[in-house]
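Below is a short briefing on how parts of one chain pack together. Look at the sequence and the structure first, then read the points by topic.

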Amino acid sequence: MRKCTLIFVFFRISIFFSHACAVNEISIREDFHHYTEPGYIQKATLSVENYGAYCEQSLYIEYCDREQFPGNNVEIIHRFELPEHSVVHDLWLWIGDSVMQAEINDTRRAREIYDSVTSFKRDPAFLNVTNNQYELRIYPLQSGSFRKVKIRFIVPVRYIGMEAHVDLPLRFLKSDNSLQTPLQLLVRTDINSPHDISIMELPGMKFSPMSDTLGKSFQQMMFSDIKRHNSLTLMYQQMFNEGAAATTACDSSACYFTLGINPGDFFGITPPVEKPGKKIIGIDLSGIYGVPSDDLLSNLHNFLPSWLGESDTFKIFITAGNAFDTIPHAGWFYSKTDSIDIIISALDSSAALREIKITPVPGLLFCDDWAENDFAFPGLEKLAVCAKVNSIMDALPILQEYDIVVASMHGHEALLSDSEAESVHAALEQFWDKGGTFITYYDHNREKEKIASRYISGLQIPASFKASMLTRNADGIIGPNFPETFYYHTSCPLINSDSSVIEELLNEDNEPVVLSKRINNGLLVVTGMWPPHDDAGLKQQVHTALFGFQQLHQTRRLNDLLTALMQDNAAHPYDHALVLSNSDYLVTDQNLAEELIKIDTTGTGIGALPPVTSVNLLDGAHYTPPVFTLHNDNYYGSGYLLNYFSQETGGAYFGMHAYSWSFLSKVIDQATVSPVTITNYTIRVDGNSSTQNVIKELDRYNAGYNAACFYTGTTGPGDAITVSFTAQSMDSTHEKAVTFDIQECLPCTPDILDILSAIYAQEILTKMLNQTPIDTNAIVSFAMQHRILNDFTAFIALEPHDSVYFLDSPFDESNYPHVTDIQSDIAQQNRFDLTVTATLYETVARICVPLRGHIKLRIFNSAGQCVYSEMIAVENRGIHSVRIPKQALCKGAYICVAKFYAADTKGSSQRLISKFFIY
């Protein structure tokens with residue numbers, strides 16, 4: 001075991017700071033097989049367009065399986081993440097030389113449709129998101145061929161002055177299982193004219209000009225292998241005319257706009273002069289995984305000079321395990337005279353870093369083939385030293401050498417005899433004495449099982465398997481490590497009568513599907529989640545939590561570090577603090593107050609501290625830490641606590657899952673410099689005052705004296721929009737207005753209008769999602785109207801329908817009408833037509849009539865029975881909506897029939913139309 005541990009420490013040093021976030025994995029699965037194989041990206045093209053507050057990015061991806069299943073159809077399963085706060089607003093699926101735009105539906109209905117359609121061997125794609133984790137499924141892929149999709153999404157732009165920084169979807173692309181992943185990057189230059197385009201991490205590489213077949217202008221860069229990079233950030237200069245920049249797009253009924261201002265330039269305010277001061281750097285390395293070592297020291301070498309001024313004095317607190325060091329041990333460093341090399345050397349030789357380098361890593365033993373096949377996942381070897389035996393009886397002689405043991409077959413496939421069971425119980429008692437974790441699977445086939453049922457009284461399976469949204473118990477032992485909520489295909493509830501059992505994971509009916517029980521110093525974990533259908537990405541996401549790695553080492557030192565900062569400030573006041581931490585202890589809004597009481601031993605309150613800028617080092621590389629989501633922001637581990645400290649003291653918070661070290665080095669010294677505060681704004685359209693539908697863009701993406709503030713909104717048609725701002729700077733009040741002409745807006749193509757409306761719609765949805773209680777019906781309806789993907793909606797592309805078009809250009813679909821355009825054109829064509837939208841919450845039939853009359857609406861089930869009928873009088877032409885009561889329909893396939901009777905005419909004016917739909 002010691003030899004394996006030493007091998008793993010090497011992995012820890014060399015691998016853990018590759019910048020990949022949480023679950024990004026492509027899997028390929030064949031019908032009727034309980035395992036997956038790696039999936040591949042055959043070709044990738046990324047197109048980027050600048051729209052001020054956001055960039056629109058379009059990913060063109062060709063998936064393949066490299067003929068791993070000759071002659072068969074397989075399913076592509078891609079779990080991925082996009083840059084922080086990205087919003088998907090379109091999905092296209094290729095069928096041969098044609099392309100099909102996906103429709104948007106509520107998530108549950110879309111998933112049910114996808115599951116039912118795949119059984120008929122058609123051509124669907126399904127895309128949904130839960131807590132910023134995306135799931136894309138495509139079926140079928142004929143083994144050896146490829147399937148192509150396009151995903152359109154908007155990404156918030158971060159600004160330092162007029163310099164724009166845009167994260168590229170590197171994590172998405174690095175999920176490719178190929179040894180190398182090439183990328184073609186196209187940046188459009190004939191829209192909003194970005195200039196001085198470059199890649200921050202590759203300053204020596206140059207873009208080259210190109211044009212497509214439609215005459216659009218781009219700057220192009222080819223990457224031979226994007227896997228060599230830890231981050232890729234597109235940079236360009238944004239034009240702010242006298243501190244302001246607007247982007248608008250209009251149609252006959254509405255105008256959407258974004259407006260950005262750089263407050264310092266806009267109001268002509270000189271930035272404050274930073275004075276030398278005393279600074280403290282606190283480094284907490286008490287988290288289990290993602291522990292930085294050589295990479296952290298290398299990044300600090302480039303990072304610290306950005307935060308420290310030449311005349312600053314500073315000292316460092318560093319903690320890990322049982323060590324707490326102060327560097328230097330007496331006095332302060334002087335930035336001007338002390339070399340950064342001396343500081344890094346002192347850190348490297350600190351007791352805290354020495355303790356990290358010798359900390360043993362967990363040993364994990366699989367006791368049978370099923371345990372390994374069902375619970376192992378790609379990358380597990382980077383989290384633990386793994387071994388396998390053929391049976392739990394074979395494991396008994398070496399059981400005490402491991403920290404985590406997983407067994408499955410003993411419960412059904414290879415039942416233990418009574419004497420064997422007694423031997424296992426005796427060995428497990430010793431295993432638990434030393435603090436080990438034993439994990440096993442349980443279902444209705446395992447009623448004769450002799451381990452879980454012995455230790456958990458009344459354990460039984462009252463119901464059959466079912467799919468469900470699962471929710472974690474954040475107060476459990478391993479519960480905090482699971483995703484907050486996630487969809488799971490097959491699980492069974494584990495009912496029991498044991499009062500000492502903890503319910504770690506629950507289904508939609510509040511029934512437990514994962515149980516744990518403390519036995520001696522160890523832990524018994526029983527899961528009812530059926531793992532054979534898990535793809536590799538889902539295993540990585542769920543089984544890291546199930547194994548309970550975090551429970552093996554409970555040392556928590558972040559609180560000690562923050563307490564030391566408060567005590568030091570009370571005794572010897574300083575001017576600014578910088579805290580870097582990888583604490584993976586979960587802090588949420590429920591336990592924040594409890595943690596603050598432990599920290600504030602001085603009784604002075606957090607607000608008495610000088611600015612505390614914090615950096616959460618947990619980036620999700622190879623290990624998904626516990627996460628807490630609030631207002632669409634993810635906080636890994638203790639990130640919410642760090643963010644609270646920064647907010648209360650006037651500092652800034654940065655999560656390394658969302659920021660690169662390169663960007664952080666550029667912005668960290670400006671993070672708390674904000675001399676201008678916008679206190680009020682009003683808008684006028686053609687002289688009419690209105691503030692309706694104007695939303696201040698969240699400015700968390702930007703930092704520094706010239707931190708750009710963005711606004712987005714919609715108005716009726718007009719010639720000009722005037723926005724008046726009032727701002728406060730030190731003791732001065734400033735007022736200024738900016739006017740932009742609607743007639744000078746960009747050429748109003750459907751794409752541009754879609755993008756600006758998506759920006760506006762996302763701001764509205766963010767407010768709706770943050771309200772309590774959440775109105776899910778309103779959210780689904782508004783998101784579907786604007787084609788915005790969120791936790792309540794999903795994209796689904798079914799077999800060829802009216803929105804399939806032959807492609808003239810491989811990178812442009814802007815000339816093809818969208819699904820919503822087809823529906824809205826009905827009224828303008830003065831014809832009789834019918835559309836049906838079926839969601840989990842309601843079914844709506846929209847009937848367009850050319851003149852007044854009556855509509856007879858009927859719905860028939862698959863047996864031909866009429867389940868709903870209604871006669872509607874219509875007094876004018878146009879679209880009329882009819883909401884069908886939820887109780888009228890059950891799950892299944894239906895035909896909606898509408899018959900129109902024109903007023904004051906004979907029977908020859910009767911018209912009939914029908915549409916098939918699935919509820």
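Asn105 has Ala794, in strand S45, as its bridge partner. Strand S45 covers residues 793–797 and pairs with S8 in the antiparallel sense, over four bridges. The model is a predicted one.

**The sheet**
- S8 and S45 belong to an open sheet of seven strands, in the order S2-S1-S5-S10-S9-S45-S8, with antiparallel pairing.
- Strand S2 (37–38) and strand S8 (103–106) are at the edges with a single partner strand each, so one side of each has no neighbour in the sheet.

**Helices against the sheet**
- Helix H18 (residues 776–786) packs on the sheet and touches S8 and S45. The direction of H18 makes about 175 degrees with that of S8.
- Helix H12 (residues 536–547) lies across strand S1 (25–30), strand S5 (73–80) and strand S10 (133–142). H12 runs at about 120 degrees to S1.

- In soluble globular proteins, nonpolar side chains tend to be buried together.
- The largest nonpolar core here has 87 residues, and those touching the most other members are Tyr63, Leu127, Phe172, Ile199 and Leu234.
- Helix H17 (residues 750–769) gives the most to this core, namely 11 residues.
- A second, separate core has 41 residues, among them Leu300, Ile340, Phe654 and Met656.

**Around Leu127**
- Which residues is Leu127 in contact with, leaving aside neighbours within four places in sequence? They include Phe80, Val88, Leu91, Tyr134 and Ile151, as well as Leu789, Ala794 and Phe795.

Conventions. Residues are numbered from 1 along each chain as its sequence is written. This is a predicted model: local features need pLDDT of at least 70, side-chain atom pairs count only at pLDDT 80 or more; totals for chains, interfaces and linings use all residues. Side-chain values use heavy atoms; hydrogens and water are left out. A nonpolar core is a set of buried Ala, Val, Leu, Ile, Met, Phe, Trp, Tyr and Cys residues joined through side-chain atoms within 4.5 Å. Buried means under 20% relative accessible area, exposed over 50%, partly exposed in between (1.4 Å probe, protein chains only). Helices (H or I, at least four residues) and strands (E, at least two) are DSSP runs, numbered from the N terminus. Contact means heavy atoms within 4.5 Å. Two strands pair if DSSP finds at least two bridges between them. Axes are lines fitted to C-alpha atoms, for helices over the stretch in contact, and angles run from 0 to 180 degrees between N-to-C directions.
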